[in-house]
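Me: I have a model open and want to learn how to read its features. Can you take me through them one at a time?

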Amino acid sequence: MHDLQCESLSKRFGAYTAVNSVSFNVPRGSFFSILGPSGCGKTTLMRMIAGFEEPTSGDIRIKGQSVLSTPPNKRPVKMVFQHLALFPMMNIGENIAYGLRCRGENKADITRKVAQVLDRVGLPGTEQKQVSQLSGGQKQRIAIARCMVLEPDVLLLDEPLGALDLKLRERMKIELKQLQHQFETTFLYITHDQSEALLMSDNVAVMNAGQFEQIGSPQELYNDPKTGFVAGFVGDSNRWPGRALSVADGKVRVALDGGGEAIATAGDDRIAAGSTVELFVRPEVLSVGPGAENRLEGTVESLLFNGASSRILVRAQGGNLIEVGQAVMDGTNRVQPGARVDIGWSHGHGRCFSVSR
Amino acid sequence: MARSDVTKLSFILLFAPFALWIALLIILPQLGIGYISLREKVGPGEYTFGVSNYVAFLSEPIYWNTLLRTAWMSILVTAMALIVGFPVAYYIAKIAQRRSRAALFLMCLIPLWVSDLVRAFGWIVILRETGLVSSFLQKIGLVSGPVEFLYNDATVVMGLVYTVVLFMIVPLVSTLDGMDNSLIEAGYNLGGSRFTVFRRIVVPYAMPGIVAGCIIVFMLTAGSYLTPILLGGKNSMWFTEQIYEQFVTRYNWESGATFGVLLLVFTSFVVWLGLRLTDQSLASTVAKD
Amino acid sequence: MKSTFALAATTALALIVASTAAQAETLRLLTWGGYAPDNVIKLFEEANPDITVEVTLSNNEEMVAKLRATGGAGYDLAQPSHDRIFAAQQEYNIYKPLDLSKVDTAALAPNLLEGVKANATIDGALYAVPHQWGTSGIVADISKAPDVKGWGDLCNPEYKGRTSMRLRRTILLGTAFSLGKDPFALYGDKAAYQTMLDEVTEKLIACKDNVKTYWNGGDDLSTLLLSGEVVVSEAWDSTAFKLYGQNKNLVYVPPETGALAWIDTFVIPRKGEADDAAYKWINFVMKPEIVKLMSDSTGAIAAVSNGIDLLPDDKKAAVKAAFDEKDLANLKFFANIPAGLEDMEGKALERIKAAASN
């Protein structure tokens, strides 16, 4: 059973197509993210689901029922806005009670439900507080509680972590995931931050230029991207332009524009000998030293220390810049800036996608 | 010179014109008016002090009736300006495209480029018995004879609303402009009807602007002079006219000053009452940054 | 810092000196609209190159109020009506005595000069000389209201919603005459005057329904009559004569009880700073060739012996059409208002204005 289904949903503003024939299903109780750069149409998509925009074509079904003719205030879809949109003229209790009062529930029920939901988000007894008295993370939880008290079929979240500082954002990612588990409600989460999407989601749709590039679990997207866009957008990757020399058994032999050759998995079936391609290799699969299947020579330019995600920057002979993941940088490291090094990786770790130039 | 001295000096230099302006043009004249209002005329050029001018005001129904009438009609004008101005302000702040907003705002400003007097005469030309509206109605056969639209309270109220509505729109636009659209969307999303969203979200949010606009409009209306007199004709009795009459026609400065003080006190009282009833303060409305 | 201050002080001083010097050459005239036409000012400044004329337009009440506010400063020559001098001077001391030897009295009509003298002499000092005179009466559209005779016709139900008046003391006096009273005779007796005022007030409140609106100035009066919205109105003769020029049906009717006559005068404010220039202006505008220009502009009759003859031809015709000898003999000149009466009249006017009508 799917809580939310979109079927060839499109939205055009004049000549501009914001969302182009998007279809997806969100299973009940799952955490579904839509990941894409700003301007890719993800916000328009979400606003259509919430009812603030009318689709040009296509259908939206919630629990199997089309909601196209349902006005936004009647849809069983609640939304956490980017800046949360807590009502500043109401206190916390009133903010949460707003939706219940709109429904016309009686006073006692409202009081009970408000207290209950505040308890569940870990802020019991804050009914009388003003919005301005809460911290960023607390506001976040109130915004979710305000929606969840209405027991929606789907909760939409529009980049709600964008306004938080980094530390808090990291914590809230985990908290959000926990809240979703706790409420067992379908979350549809919009973000441009791939780490948020990967960390929290059961499934992620990568969106680009109004279309879905790929839908899959975070692991699939990361390890088995289906398009060059996904390979480049999800996770860090080295990206080198080149030309296919030969294709065989799903393996491509690539001549890099900067010089050097490598063999990689063919990402799509449009690659033929002579076609222009891009080669994607993740920094963490690269290693310094001889003996690997693919090999590039270069000079160490600098060492970027960042704990677990430290990097070595290597300038290849042909001029390409190579990011090498190097978790260990504890001072015993033999690599020094200026040293000549060999960079290697295995055939299966590189991925090659055709480019239409 | 030490730095703090520089700060102090620049503060004095910057503040002095404002202080002078307040002192010379507002406080001093008011004190003068207050002083004159307490002066009793005994004979030519002879005066004593007392409150007889105030007693005279209270004992003459014409005077306090005029004050009450002025206040009542000003409240009516304020309410109508709010009813007319709110949708306009809402449209400008929330619905209109960014590009057309400046143009719309400017269109609201245009009436202010014309003097009060010219505007009132414009209304006279349009509304008089031989004016445009009357002739038009006769032409399309809606009425058989000429109709006089001038010289009644409805026209006065309409003329005043037209004159002051901008002062309602400006604070409303600036308040509504600061309102995040997502508040309204959240209001709908959580199940609110149009009316609920308007009543529980838009209005409370705009309240400082509403109150600021109402205060400005009420003060302007109660203190207006030309519009009620020109459009009201024989039946207009406005308190400012009463003050003018006392000062200029009757040479009775003492009673004119008394009326002036009373108008100030009374309108201040109405504003205070309005603030109390709406649970706002001057700091949160007119002086809001 | 010090030198800057000294410089500023010097500059300020220089400005004050310069402005005083300039003021000695400026004649600041406080007068009625039309009483200082541009062509007359131009001729005057040509004849007296060292004097420039500054004009402020006003009316009786405002003139007194302005001079009272400054204690008689700010203007060098003013033109209130002859009944606005005695009480104002007594109460507020805003005028200075005139030196009649500096005025070309031979040019003035003797009866008007005597009339002003009688009204504007306090403790032997004379404060005003006449300039122009005119009357207040009725203007009627004879095509629609041919039988108008006097003040009472403003309240004639036959013209319901088609009459107008100016809510000032003139209408109180006119109505009093139409009720068979003589207000000027009652000036000495406050109680009797109040009784008369009460009667007049009652009459005018009853009349309010009949009145379309109260006019404030010559312009709205003209519009009301020319548009045909009003057919009978209280009017100044000068305005009526102008209207006659535009529509021969609009005729000035001196009320049968006598048109109320006023004389606009020249007075010198107590703190006037250009007395010589003021006398020069007074004598200048009384010259026959200037009188013609002036009367053309004001529509009023100059206070010179042959004032009517010096009117422009069209106005002369209008005056001749309106007045016969009997009317001229029947003129009621405003008498000085004794202190206190104006307050009573003011109250009466307020009551009329505030009274409800439909």
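Reply: Start with strand pairing. Two strands pair if DSSP finds at least two bridges between them. Strands themselves are DSSP runs (E, at least two residues), and helices are runs of H or I of at least four residues, both numbered from the N terminus. This is a predicted model, where local features need pLDDT of at least 70, side-chain atom pairs count only at pLDDT 80 or more, and totals for chains, interfaces and linings use all residues. Residues are numbered from 1 along each chain as its sequence is written, and chains are lettered from A and ligands numbered from 1 in the order in which they are written.

Me: In which sense do strand β13 and strand β20 of chain A pair?

Reply: Strands of a sheet pair through backbone hydrogen bonds, either parallel or antiparallel. Here, β13 (residues 261–266) and β20 (residues 350–354) of chain A are parallel, over two bridges. Ala266(A) has Cys352(A) in β20(A) as its bridge partner.

Me: Which strands of chain A close into a barrel?

Reply: Five strands do, in the order β11-β12-β13-β20-β14 (chain A), with mixed pairing. From one strand to the next, the twist averages 50° (axes are lines fitted to C-alpha atoms, and angles run from 0 to 180 degrees between N-to-C directions).

Me: How many helices and strands does chain C have?

Reply: Chain C has 15 helices and 15 strands. Its radius of gyration is 22 Å, close to the 21 Å of the globule rule for 358 residues, so chain C is as compact as a globular protein of that length. The radius is taken over C-alpha atoms; the rule is 2.2 Å times the number of residues to the power 0.38.
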